[in-house]
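User: I would like to go through this structure by way of its charged pairs and its strands, with the reasoning laid out at each step.

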Amino acid sequence: MAQTHFGFESVDDSEKARKVRGVFDSVASSYDVMNDLLSAGLHRVWKAYTVGVAAPRPGDRVLDIAGGTGDLARAFAPLVGPKGTVVLTDINEAMLRVGRDRLLDEGAVLPTAACDAEHLPFRSGSFDIVTVAFGLRNMTHKDAALTEMCRVLRPGGRLLVLEFSKVAEPLRKAYDWYSFKVMPLIGKFVAKDADSYRYLAESIRMHPDQQALKALMKDAGFGHVDVHNLNAGVVALHVGVKC
Ligand SMILES: C[S@@+](CC[C@H](N)C(=O)[O-])C[C@H]1O[C@@H](n2cnc3c(N)ncnc32)[C@H](O)[C@@H]1O
């Protein structure tokens with residue numbers, strides 16, 4: 001059996017998806033509050049930046065993968081208008097349920113689908129824009145997921161990957177202290193789950209850095225990839241064009 005990593009732990013390929021499901025089943029109900037707390041609201045700025053770069057036009061077809069509680073899908077819906085489509089997907093039904101309920105509370109009815117990014121149930125070339133925010137890190141076979149994302153895009157379509165990345169050297173010590181000491185503590189008191197937030201810190205360290213992710217995207221079929229570092233590389237937005 002092939003091995004992969006779950007945070008700093010080495011696990012069988014087949015075990016990772018189950019463990020990731022456990023994390024998001026556990027944090028789904030407190031996910032939005034924790035996001036605001038841990039990032040001091042910055043995740044909203046990173047997502048707004050992503051939506052600005054994506055700049056969907058009325059009538060566009062947008063697929064949000066690993067969309068969780070639906071922040072990106074919610075922002076895209078008014079931009080594509082009634083002639084466009086925004087599909088919210090995630091492998092985890094608990095996260096998707098929170099997202100769908102939030103959207104319904106705001107009067108937005110979007111198509112949602114529970115699916116694995118490594119096997120997308122959509123025809124080739126069916127989207128203008130695909131997004132994945134803070135989701136790729138959790139996937140077992142990132143190469144397979146990126147290849148699927150490329151497949152479902154039309155030629156000229158764009159993939160936007162928003163993800164934690166490698167922070168600039170001068171900030172590294174403080175960032176490590178915050179990630180490994182403070183985040184699990186906040187997780188323990190607010191979400192009653194320190195382990196999931198320890199996994200968050202570890203999974204960020206194991207994720208490919210800016211250049212490695214750019215190379216993975218090129219291997220998956222994206223002819224051109226731009227990298228935007230945000231907050232000194234705490235987060236990076238990769239934009240790949242299917243040429
Ligand atoms: C940190 S949350 C991000 C949610 C949302 N995109 C956001 O930015 O707030 C990561 C999400 O990735 C989803 N996920 C993990 N592995 C996945 C996979 N193989 N396919 C689709 N979604 C996956 C999880 O279920 C979880 O909802």
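User: In this predicted model, does aspartate 36 count as buried, exposed or partly exposed?

Analyst: The relative accessible area of aspartate 36 is 25%, and the class in between runs from the 20% limit for buried to the 50% limit for exposed. Because 25% falls inside that range, aspartate 36 is counted as partly exposed.

User: Which residue does the side chain of aspartate 36 meet in a salt bridge, and how is arginine 44 classed by accessibility?

Analyst: The salt bridge of aspartate 36 is made with the side chain of arginine 44, at 2.8 Å from N to O. Arginine 44 has a relative accessible area of 53%, and since the limit for this class is over 50%, arginine 44 is classed as exposed.

User: Where in the chain do arginine 154 and aspartate 128 lie, and is aspartate 128 buried or exposed?

Analyst: The side chains of arginine 154 and aspartate 128 form a salt bridge of 2.6 Å, N to O. This pair links distant parts of the chain, 26 residues apart, with arginine 154 in strand E7 and aspartate 128 in strand E6. Arginine 154 is partly exposed at 25%, whereas aspartate 128, with a relative accessible area of 8%, is buried.

User: How many residues apart in sequence are the parts that glutamate 9 and lysine 19 tie together?

Analyst: Glutamate 9 and lysine 19 form a salt bridge in which the closest N and O atoms are 3.6 Å apart. Because glutamate 9 belongs to strand E2 (residues 9-12) and lysine 19 to helix H1 (residues 13-27), the pair ties together parts whose separation in sequence is 10 residues.

User: What is the count of salt bridges, and which residues are linked in a network?

Analyst: The count of salt bridges comes to 15. The residues linked in a network of salt bridges are Asp32, Lys47, Asp71, Arg74, Arg102 and Glu106.

User: In the open sheet of seven strands, what is the strand order, and which are the edge strands?

Analyst: The sheet has mixed pairing, with the order E5-E4-E3-E6-E7-E9-E8. Each edge strand pairs on one side only, and these are strand E5 (112-114) and strand E8 (224-230).

How values were computed: Residues numbered from 1 in each chain as written. Predicted model: local features only at pLDDT ≥ 70, side-chain atom pairs only at ≥ 80, totals over all residues. Heavy atoms only, no water. Pairing = 2+ DSSP bridges. Helix = DSSP H or I, 4+ residues; strand = E, 2+ residues; numbered from the N terminus. Salt bridge = Lys/Arg side-chain N within 4 Å of Asp/Glu carboxyl O. Buried < 20%, exposed > 50% of the residue type's maximum accessible area, 1.4 Å probe, protein only.
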